[in-house]
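Here are my notes on this one, in the order I would walk through it with you. Have the model open alongside.

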Amino acid sequence: MVNAPVITVPAFAPARSGVRHFFGTRRHATALCLETGAPMRAAGNSVRASWLLSVKQVHGTDALVVDRPLAEDDRFDGGWDALVTDQPGTMVAVRTADCVPVLVHDARRRVVAAIHAGWRGAVAGIVPKTLALMQARFNADLGTLHVSIGPSAGVCCYEVDEPVLDEVRERFSWWEAVLRDHREGKARLDLKALIRRQVQDYGIDGERVTSVNVCTICHKDLFFSYRREGKVLGTMVSAIGLDPLR
Ligand SMILES: [Zn+2]
C-alpha cells in the first residue's frame, strides 16, 4: 500500500487466517496521507476494490460498525474510537501518537476491529465494550479471537497526574499492578497492561493477547509522540481487515 516500514505480529499471520494488518510507524504515516471519514482506496482494481477507513476520534467508547461494502462517495461524519467490520477488503484504521492502537481478529466468525484507546477510553472500557459488540452483532467467539495491543506510550515514560490516578484507582481494584513510582500526585501508568488485564478479565486467554512492547515516547526514530513533541506533528496509522474476496 505504502512502501514504508510497519510492524506486524505473528498472531495475525495472513496465510493462516485470511487477515491483513499493520501497526504503522512515522515514516509510513507521512507517506500515507490518510483522510478521516472517507474511505481511501488501498489496493486492487475497481471490481474488487479494497479500502482503508479511518474516522474522527473523540476519546469516547463508541464503535462504528461497517457491515456493507464501502463506496467511493461514502462519508462518515461522526466520531468513533473503534471500528468493526465483517466486510472482506475493508481495512479499518485508527490513528495514534501515544494512545494505544488495539487490533482484534476473529478468524472463525470473520470479523475484525481496530480500537483507539487513550487513557480515557481505556479506563472507560472501550476494549471490552468493543468485544461485547463483536459478540452481539457478529457472534464473535472469545475462544478463537486474537487481540494485539500496539505501540504506545510505555510505562517507562508515561507519567500521569492526579485526575488520571483517581480514575484508575476508583475503577480497578488491581490498580497497583498498572501504576509505578508514586510520588507527589504523579505516577507512571502502564496503559498496555491495563488493557491486557481488561481483555483477560473479559474472558480472553492470555495466550491470545499479544503486546508490541515498544514505547512511542522513547523511540523517536520510529514514532510520533504527542508527549515528547508537545504537539501533534503526526499520528501513526494502524489497521486490520479481512482479505478481499477473490
Ligand atoms: Zn518510554
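Helices (H or I, at least four residues) and strands (E, at least two) are DSSP runs, numbered from the N terminus. Two housekeeping remarks before the points. This is a predicted model, so local features need pLDDT of at least 70 and side-chain atom pairs count only at pLDDT 80 or more, while totals for chains, interfaces and linings use all residues. Residues are numbered from 1 along each chain as its sequence is written.

1. Overall build. The protein chain has 7 helices and 15 strands. Its radius of gyration is 17 Å, close to the 18 Å that the globule rule gives for 246 residues, so the chain is as compact as a globular protein of that length. (The radius is taken over C-alpha atoms, and the rule is 2.2 Å times the number of residues to the power 0.38.) Along the principal axes, the C-alpha atoms fill a box of roughly 60 × 35 × 35 Å.

2. Burial and contacts. I call a residue buried if 20 or more other C-beta atoms lie within 10 Å of its own, exposed if 12 or fewer, and partly exposed in between, with C-beta atoms placed from the backbone. By that count, 44% of the 246 residues are buried. Two residues are in contact if their C-beta atoms, again placed from the backbone, lie within 7 Å. Among contacts between residues at least 6 apart in sequence, 67% join residues at least 24 apart.

3. Two strands pair if DSSP finds at least two bridges between them. An open sheet of 6 strands runs in the order S5-S6-S9-S8-S10-S14, with mixed pairing. S5 (63-66) and S14 (209-211) are at the edges with a single partner strand each, so one side of each has no neighbour in the sheet. Neighbouring strands are turned by 15° against each other on average, direction ignored. (Axes are lines fitted to C-alpha atoms, for helices over the stretch in contact, and angles run from 0 to 180 degrees between N-to-C directions.) Within the sheet, S8 (residues 100-106) and S10 (residues 146-149) are antiparallel and joined by 4 bridges, with Val102 opposite Ile149.

4. Helices on the sheet. H4 (residues 126-138) packs on the sheet, touching S5, S6 (82-85), S8 and S9, and its direction makes about 160° with that of S9. H6 lies across S8, S9, S10 and S14, at about 175° to S14. In H6 (residues 191-201), the buried residues are Leu191, Lys192, Leu194, Ile195, Arg196, Gln198 and Val199; note the Lys and Arg in that list. Gly203 follows H6 and has a positive phi, near 120°.

5. The core. A nonpolar core here is a set of buried Ala, Val, Leu, Ile, Met, Phe, Trp, Tyr and Cys residues joined through C-beta atoms within 7 Å. The largest one has 68 residues, and Leu83, Val92, Val102, Ala113, Ala114, Ala122 and Ile195 touch the most other members. Strand S9 (residues 111-117) gives the most to this core, with 6 residues. Ile195 is worth a click: beyond its neighbours within four places in sequence, this residue is in contact with Val100, Val102, Ala117, Ala122, Val127 and Ile149.

6. Strand S4. Ser50 and Leu52 point one way from S4 (residues 50-53), Trp51 and Leu53 the other, and all are buried. S4 runs parallel to S7 (residues 90-96), joined by 3 bridges, and Leu53 stands opposite Val92. Leu52 counts as buried because 22 other C-beta atoms lie within 10 Å. Leaving aside neighbours within four places in sequence, Leu52 is in contact with Leu34, Met40, Ala42, Met91, Ala93 and Ala239. Leu52 and Gly241 are 189 residues apart in sequence, yet 8.6 Å apart from C-alpha to C-alpha.

7. Two backbone spots to check. Most residues other than glycine have a negative phi. Which value does Asp181 have? Its phi is positive, near 55°, and Asp181 is in S12 (residues 179-183). With 9 C-beta neighbours inside 10 Å, Asp181 is exposed. Glu184 also has a positive phi, about 40°, and lies in the loop between S12 and S13 (186-189). Glu184 is exposed too, with 7 C-beta neighbours inside 10 Å. The hairpin of S12 and S13 has 2 residues between the strands; the pairing is antiparallel over 3 bridges, with Arg188 as the bridge partner of Arg180.
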